[in-house]
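Please view the chain first.

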Amino acid sequence: MVQLVGSLRKELADSLSTCKVLVVGAGGIGCELLKNLVLTGFKNIEVIDLDTIDVSNLNRQFLFQKKHVGKSKAQVAKESALQFCPSANIIAYHDSVMNPDYNVEFFRKFMLVMNALDNRAARNHVNRMCLAADIPLIESGTAGYLGQVTVIKKGMTECYECQPKPTQKTFPGCTIRNTPSEPIHCIVWAKYLFNQLFGEEDADQEVSPDTADPEAAWNPEETAARATASEKDGDIKRISTKEWARSTGYDSVKLFNKLFKDDIMYLLTMDKLWKKRKAPTPLDWQQLEKSVRPQEETPGSGLKDQQVLGVWGYCQLFQHSVETLSSQLQEKGEGAELVWDKDDPPAMDFVTAAANLRMHIFSMNMKSRFDVKSMAGNIIPAIATTNAVIAGLIVLEGLKILAGELESCRTIFLNKCPNLRKKLLVPCVLDPPSTNCYVCASKPEVTVKLNVHKTMVLSLQDRILKERFGMVAPDVQIEDGKGTILISSEEGETEANNSKFLADFGIRNGSRLQADDFLQDYTLLINVLHIEELERDVEFEVVGEAPDKAPPPQTNQEEVNSITNGNKDSAQPSTSSKASADDDDIMIVDSDEEEAVSSSSAATVSTSTKRKHPDAETGETSTKRPRTEQSSAAAAPTDNDDDDIIALD
């Protein structure tokens with residue numbers, strides 16, 4: 001007779017009390033997961049999170065209270081979880097999982113790692129660390145009402161990076177407010193600014209510098225002190241941006257200098273942010289006005305919406321749109337609010353101008369009104385119930401792994417609407433590793449198109465190796481028979497190379513580079529394919545993938561459109577407040593794993609495409625290969641969602 005401890009077999013219950021697990025992330029999913037783990041019987045848990053608690057977290061991260069604002073998420077989550085099970089042994093780290101202290105040996109001490117992250121860079125890193133340590137990883141994510149859980153095991157399943165993913169569509173608040181690095185960050189900031197000035201103010205949409213940015217203050221006490229310097233019991237008392245703007249009479253010059261000069265100068269005082277980044281450059285209205293050149297005021301050729309103006313042109317557009325919007329607000333009367341709509345010219349002008357001015361400040365190429373409009377879409381909040389469902393599924397998959405039943409693990413999708421079998425949860429068999437994966441293949445190798453005469457060593461390091469291929473501290477040598485060191489992870493060793501071009505080191509078409517990241521125990525061979533000209537604003541391209549700037553539009557009606565910012569991966573503009581009915585035209589394969597298609601079965605089978613679900617609180621999607629199912633279970637109704645969306649948790 002099977003002995004039970006609660007609802008678990010005694011052997012499994014004993015395993016839970018002795019095994020050691022790592023939870024990476026203590027936010028929306030992480031809070032629910034930590035609570036579930038201690039209530040299920042896990043006794044030895046370590047949790048790591050770099051972030052601090054913000055007032056906007058309190059509506060869905062239930063381990064936190066108002067008095068905790070500004071404190072370490074990991075530490076407070078530990079303290080709250082211990083109230084459910086005081087006998088549990090929980091260790092909390094207020095730190096980045098990408099810190100070199102958390103090396104392969106650190107990961108090897110765990111039987112299981114569970115991700116509850118909100119950004120791709122950290123996901124890529126944990127994926128590689130678990131592959132190097134040969135530890136099972138449970139990956140998860142939510143986007144609005146949609147969610148996904150999958151299991152990753154070296155040599156048995158796809159890793160997180162086996163399938164290419166579109167550009168990330170959700171971003172941490174401190175990235176939007178302090179350290180934007182992509183145009184979309186500035187566009188989201190400009191939309192937040194519109195609401196702060198003219199619309200419904202939201203604590204989640206603050207635009208001022210984030211003084212509690214965990215990256216600016218690594219010491220937990222220092223972080224908490226900054227966040228609560230002007231508060232009592234964590235109750236943030238903000239001066240309304242709208243009230244301040246009204247007190248100035250919506251003076252566009254004062255607004256400009258506050259947003260693009262004073263706030264930027266304040267950011268510059270947070271010097272830790274700029275040790276490894278290019279610092280922003282403040283703008284001053286009066287100085288710009290004095291130095292304006294006549295040609296900047298002359299409109300260029302081509303369609304008006306597709307022109308990229310100069311800095312002063314966007315200053316004037318900002319001034320004109322502020323005046324127009326403030327007049328509209330005044331006409332509506334006291335307490336009125338405007339609603340941002342991409343089809344409203346003054347609102348679109350405002351976001352275009354504000355976003356481009358911020359892009360210029362942070363050394364990015366400015367965008368046309370057409371490009372900004374195509375990237376700007378509706379924003380939806382994270383949903384607590386979705387996080388709770390996904391956290392529960394993580395634990396269920398974890399129990400299978402600890403019971404030695406890895407073959408029964410599944411990728412599970414949480415749908416917004418029931419499928420034909422009236423089910424919201426759809427399990428799918430885990431796919432095997434991709435032979436072309438540049439991470440988990442036996443000899444990872446890629447080919448990169450670039451111009452060796454225009455690409456600097458610093459760009460190779462930061463844009464290609466770190467941003468694109470997710471390395472943390474790369475070392476690069478040229479396979480030229482001499483072993484020439486191009487980039488060293490040792491500080492200062494190859495700093496003199498940074499401003500030189502690849503061609504200066506004899507790198508040409510067909511050259512091979514070996515990039516090693518010893519922290520991740522990862523080696524990547526890079527074949528250089530020299531090309532004179534790439535598309536505009538594209539620095540490099542990975543062969544076999546469309547450039548990030550403009551992926552080709554999807555033509556197969558059964559393919560799902562990614563959840564993005566008002567467009568299909570920036571390929572097509574979304575110009576109305578209602579997307580067309582086929583904007584989210586998808587097929588869901590209902591795979592309940594109750595039946596297997598026998599090789600001897602005479603039943604007709606049909607091939608369908610699984611729904612590409614948002615991957616991990618980022619709005620990303622992971623592509624799964626088609627599977628054959630019995631035709632009675634192959635098709636499901638399509639969703640008719642409104643605009644393409646960004647998920648924010």
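Buried means under 20% relative accessible area, exposed over 50%, and partly exposed in between (1.4 Å probe, protein chains only). By that scale Leu-425 is partly exposed, at 33%. The model is predicted: local features need pLDDT of at least 70, side-chain atom pairs count only at pLDDT 80 or more, and totals for chains, interfaces and linings use all residues. Residues are numbered from 1 along each chain as its sequence is written, and side-chain values use heavy atoms, without hydrogens or water.

**Surface patch.** Leu-425 belongs to strand 11 (residues 425-429). Helices (H or I, at least four residues) and strands (E, at least two) are DSSP runs numbered from the N terminus. With Val-389 and Leu-424, Leu-425 forms a nonpolar surface patch of about 200 Å² accessible area together. Patch residues have over 30% relative accessible area and no salt bridge; like charges are joined within 9 Å, nonpolar side chains (Val, Leu, Ile, Met, Phe, Trp, Tyr) within 5 Å. Areas come from the Shrake-Rupley method with a 1.4 Å probe; for residues, only the protein chains shown count as cover.

**Positive phi.** Most residues other than glycine have a negative phi. Lys-422 has a phi near 65°. It sits in the loop between strand 10 (410-414) and strand 11, and is exposed at 71%. Tyr-250 has a phi near 50°. Its loop runs between helix 9 (241-247) and helix 10. Tyr-250 is buried, at 9%.

**Salt bridges.** The whole structure holds 17 salt bridges. Each is a side-chain nitrogen of Lys or Arg within 4 Å of a carboxyl oxygen of Asp or Glu. Three of them are listed here.

| Pair | N to O distance | Location |
|---|---|---|
| Asp-14 and Lys-10 | 3.0 Å | helix 1 (residues 10-18) |
| Glu-467 and Arg-463 | 2.7 Å | helix 16 (residues 457-468) |
| Arg-512 and Glu-479 | 3.2 Å | strand 15 (residues 512-517) and the loop between strands 13 and 14 |

Asp-14 and Lys-10 are four residues apart, about one turn of the helix. Glu-467 and Arg-463 have that spacing too: four residues, about one turn. Arg-512 bridges to Glu-479. That pair ties together parts that are 33 residues apart in sequence. Salt bridges that share partners join Glu-445, Glu-479 and Arg-512 into one network.
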